[in-house]
Amino acid sequence: MLTLGIETSCDETSVALVDSGREIRSNVILSQAIHGKFGGVVPEVASREHVKTIIPIYRQALEEAKVDPADIQLVAATMGPGLVGPLLVGLSFAKGMAWARDLPFVGVNHMEGHLAANLLEQPDLDDNHLTLIVSGGHTMLVHVKSFAEYEILGRTVDDAAGEAFDKVAKIMGLGYPGGAAIDKLAKGGDPRFVAFPRAMRKDGYQFSFSGLKTAVSLHWNKLSGEEQQQQAADIAASFQDAVVDVLVEKTVRAAMDTRVTDVTISGGVAANSRLRTVMAEKLKRAGKRFFYPSMSLCTDNAAMIAAAGYFRYKKSGPTEFVIDAVPYLPLE
Ligand code: KG4
Ligand code: ZN
């Protein structure tokens, strides 16, 4: 079943064509560079950019997939969580497309989209598994009992993991978004250079990254310009290690407690090289299998939305056209 996927929940305009939730025919992603100069996403600017680019991106996705619009059998779009203006652009486009062509339409939860990136690529993954979703807006440890049956074990009480990366990158003058820049810089640094705090490391499944961000800020601002230059890689590595340490500790513990055999990570921070390496090492030692998405499926993209939309459609049929964008849509 050829599914058209649309993602516009934040600052990526993305359109994809995916066959039966597993085979990517095209996945065009445009990251809106304009927000860099503001140091964060400006919702109104993002909405306008989506309006400008959604049709050209759709055409490019058709062209790359060598598909005719008449071949599309299902339309899926992110309905939340996300920024309401940007969500409405993709959702309206998708609903219009489905209505005009008399196709079934599915509204997709963006977080279900992230976790579906693994379903898309790993046909072998056990239905019952544990997943860590780590993005710019969310940090969630979820026991997936089967598709669409979720128990949220923990989430962040303040900043999301990606948000912490972005704030620390901003403090260190590395631009926005800064996760990938910190990852790169940390490769030449010593993760034991500064012992930054690891909040609630041994307690439960909740996360907190706001104190860590403050600790990095206080440390950084005490340094002279020259010291900042000399120590940047070590500080980036120490910060990254503190985040990774907590994410891995809780995920491994949850994997043991839920007795799953399979564990996945997804979301933008799942692209982090240190998280992938340490998680793989620790889960292997715990006797668990570990899966993570390809780089292009970690950060926001429409292929994961098409996959999630297809699995949702198979499970519970189409979504009513009357649904609206829901900025705080929960996963459960
Ligand atoms: O999933 P995503 O594209 O958007 C949301 O749904 O929020 O995630 C974006 C986040 C940003 O905070 C970005 O800094 C972070 O993912 N990110 C990374 C890396 N690549 C992207 N964080 C750490 N290491 C990376 N390599
Ligand atoms: Zn996302």
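## A strand hairpin

Strand 2 (residues 12-19) pairs with strand 3 (residues 23-31). The pairing is antiparallel and runs over eight bridges. This comes from a predicted model.

Which residue of strand 3 stands opposite alanine 16? It is asparagine 27. Strand 2 and strand 3 form a hairpin, with three residues between them. Serine 20 lies in the turn and has a positive phi of about 45°.

## Helix 6 against helix 7

Helix 6 spans residues 210-222, and helix 7 spans residues 225-258. The two pack at an angle of about 165°. Angles over 145 degrees count as roughly antiparallel. Helix 6 and helix 7 are therefore roughly antiparallel to each other. Their axes are 11 Å apart. Helix 6 passes helix 7 in a right-handed crossing.

Which residues make the contact? Helix 6 contributes Leu212, Val216, His219, Trp220, Asn221 and Lys222. Helix 7 contributes Glu227, Gln228, Gln231, Ala232, Ile235, Phe239, Ala242 and Val243. Sorted by class, this contact of helix 6 with helix 7 has eight nonpolar residues, four polar and two charged.

## The whole chain

The secondary structure of the protein chain comes to nine helices and 10 strands. The radius of gyration of the protein chain is 20 Å. The globule rule gives 20 Å for 332 residues, and the chain's value is close to that, so the chain is as compact as a globular protein of that length.

Along the principal axes, the C-alpha atoms of the protein chain fill a box of roughly 60 × 45 × 30 Å.

Notes. Residues are numbered from 1 along each chain as its sequence is written. Chains are lettered from A and ligands numbered from 1 in the order in which they are written. This is a predicted model: local features need pLDDT of at least 70, side-chain atom pairs count only at pLDDT 80 or more; totals for chains, interfaces and linings use all residues. Side-chain values use heavy atoms; hydrogens and water are left out. Axes are lines fitted to C-alpha atoms, for helices over the stretch in contact, and angles run from 0 to 180 degrees between N-to-C directions. Helices (H or I, at least four residues) and strands (E, at least two) are DSSP runs, numbered from the N terminus. Angles under 35 degrees count as roughly parallel, over 145 as roughly antiparallel, 65 to 115 as roughly perpendicular and the rest as oblique. A crossing is left-handed if the near helix is turned anticlockwise from the far one by less than a right angle, and right-handed if clockwise. Contact means heavy atoms within 4.5 Å. Ala, Val, Leu, Ile, Met, Phe, Trp, Tyr, Cys and Pro count as nonpolar, Asp, Glu, Lys and Arg as charged, and the others, Gly among them, as polar. Two strands pair if DSSP finds at least two bridges between them. The radius of gyration is taken over C-alpha atoms; the globule rule is 2.2 Å times the number of residues to the power 0.38.
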